[in-house]
Structures are given as C-alpha cells and as structure tokens.
Amino acid sequence: MKRIVYMGTPDYAKVILDSIINDDRFEVVLVLTQPDKKIGRKQILTPPPVKTLANLHNIEVLQPTKLREDGIYEAIVEAKPDFIIVAAFGQLLPKNILDIAPCINLHASLLPQYRGASPIQQSLLNGDRYTGVTAMMMEEGLDSGDILAYRYFEIPFEMSRLALQELLSHEASKLILEVMDRFELIAPLAQITTLSAHCKKIKKEMGEIEFIDALEIYNKYRAFEEWPMIFNSEGTKFLDISVEERQSDNVGEILAIDKKGVLIGCAKGSIRVKSLQPASKKPIEAKAYCISKGLKVGDSFI
C-alpha cells in the first residue's frame, strides 16, 4: 500500500479524500487542513469537512495556520509518504515539504487557465462551455507545475457553483487514483505560461449587480451561489433567476408580472426573477414583492 499525506479543506477536498481512503491500494496516514472557523450568526466553531471525515476514520489531523510552524515538516517526514496529495488546501507548500515526496495538486480548472483561489467561480463568470480538473506536480509557484493528467466535460447552461463543484470533485477523485496508480509511467507536460490566466479570491462586493447585461447577471448568479450571492445596490438578494432575450429601452423596467415571476429588462436581454430577499427580511416570491410595493408593468424595479 502506498502511504498518503493529504492536504485539503472544503467539501471538494473531502470527496477526493474519501475516494483515496476507500481504495485498498492506498493508506492515508496523515491529514493536514485549515484551522476550525467560527461560522454563522452564532459564530459556532466548526471543523473543516476534511477534518470531519479524517476523524471518522481515526486518521491523525494537523491544522497549522502556516506550514512553516514548528513540528509540521517533521510530522510529514515521520509519516513517510509515497505521495503528498493536495486539493483546495488554502496554503502554498514550502520547498522543504515539496522535497519530501511527489506532491500532486488537484486543481479545479483546465490549467493553465484559472490559476489561483476561485477557478470554479471564474469559469462560470466567464460563461465557459467546458471545464475540468487538472492533476499537476507542485512547485513553489502558484498552480504552475507540470501537468500529469486532465479530466474535462461540458458545463450545462443551468448548472451553478455547488453542482459544478460536486461534479468536479468526483472527476478529481477518479483522476487522482489513476494518476497515483500509473505515476511512474506518466511523462509530465509543462504548462504554456503565455496562456495562463489567474483568478482572485471572491469578495462580497463582487455580488452586486446592475441591469446592464442579463447573461452577465445570470453567470454571476451561477458563480456566486450560496455566497456572496447576487444583490442590487439596496441589498436585495435575487434567489432564483433565469435569463431571457427580451429587452427594454429603459434599464430596470418591469416587463411582465405573472405566475412565472417578474421579468426585468436590461440594456441587453432580461432576467426572470422568481424569488428574492429584501435586506434583513425573509425570502419572498418576486410577484408578491411587486404587489406589496405597488409595482406594476412599466415601472422601474431599480
């Protein structure tokens, strides 16, 4: 059995870890993940999904704020890994750890596209037709190592971030088992740096929308599912929308109010809003919201 040190944090990484744990060819001997965080309005201290899974299987877990902390390097060396597998861990690996064993990262994009922290969101924001996952050798740079293998697929137009993340995690789970099994036979492929693109960490303010381009709004809606979501300048969140071709000369004009929701015109196209959530209030159907506000067809929703 090959000995595995695993580094990862969110649900995406948890699914991949689960596939390795359940494969008899590999033994996960140590897991590293980010520290527990306070979550929600009640600020409840919550472990990362990867830690929860590792605890279920009685695997030792370390949660360093920085990998350069005392004892972390020594613990990894002591684990005697054949591979160090990394998936959405959230920290760069220093050279002394990279030199312990082959370090393989499972990045949720088709590298060299979307190096960085938010590849899934960026793919949706750009309205990409295809995406995938890349297994790559890690080096000191950010997602710039040689490529070992890809898996890719077409993105359904109606698919949003959580569903796409789940699909990517399952593809990554299959990919890493194949890569580790055939590692000695794989000839790594250098990335073409001139084709590289980077993506930044998602910030809350990126979710604010204007009624300019309906397709751009819809792609934000898909990309920012769950957080930060999409909202207007007043803080009203749009919970369930779709995009239509009809448009209006007046940006933000209400074009229709019916059982399918409220149709709002944009400079390009229109969005169909089925439900929304005013700031500090409960979610409501868009039609009921318009009735409560006395809004009718022809009025401005802005």
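The structure is a predicted model, where local features need pLDDT of at least 70, side-chain atom pairs count only at pLDDT 80 or more, and totals for chains, interfaces and linings use all residues. Residues are numbered from 1 along each chain as its sequence is written, and side-chain values use heavy atoms, leaving out hydrogens and water.

**Helix α8**
- Helix α8 spans residues 286-293, and its buried residues are Ala-286, Tyr-289 and Cys-290; buried means under 20% relative accessible area, exposed over 50%, and partly exposed in between (1.4 Å probe, protein chains only).
- These buried residues fall within an arc of 95 degrees seen down the axis of α8, so they line one face of the helix; the arc is that of the directions from the helix axis to the C-beta atoms.
- Helices (H or I, at least four residues) and strands (E, at least two) are DSSP runs, numbered from the N terminus.
- Exposed Ile-291 and Ser-292 sit on the face of α8 turned away from its buried side.
- The buried residues of α8 pack against β13, β14, β15 and β16, with contact meaning heavy atoms within 4.5 Å.
- After α8 comes Gly-294, with a positive phi near 70 degrees.

**Leu-263**
- Strand β14 (residues 261-265) holds Leu-263, which counts as buried because its relative accessibility is 1%.
- Not counting residues up to four places away in sequence, Leu-263 touches several residues, among them Glu-244, Ile-254 and Ile-271.

**Ile-212**
- Ile-212 lies in the loop between β11 (198-199) and α7 (214-223), and counts as partly exposed because its relative accessibility is 44%.
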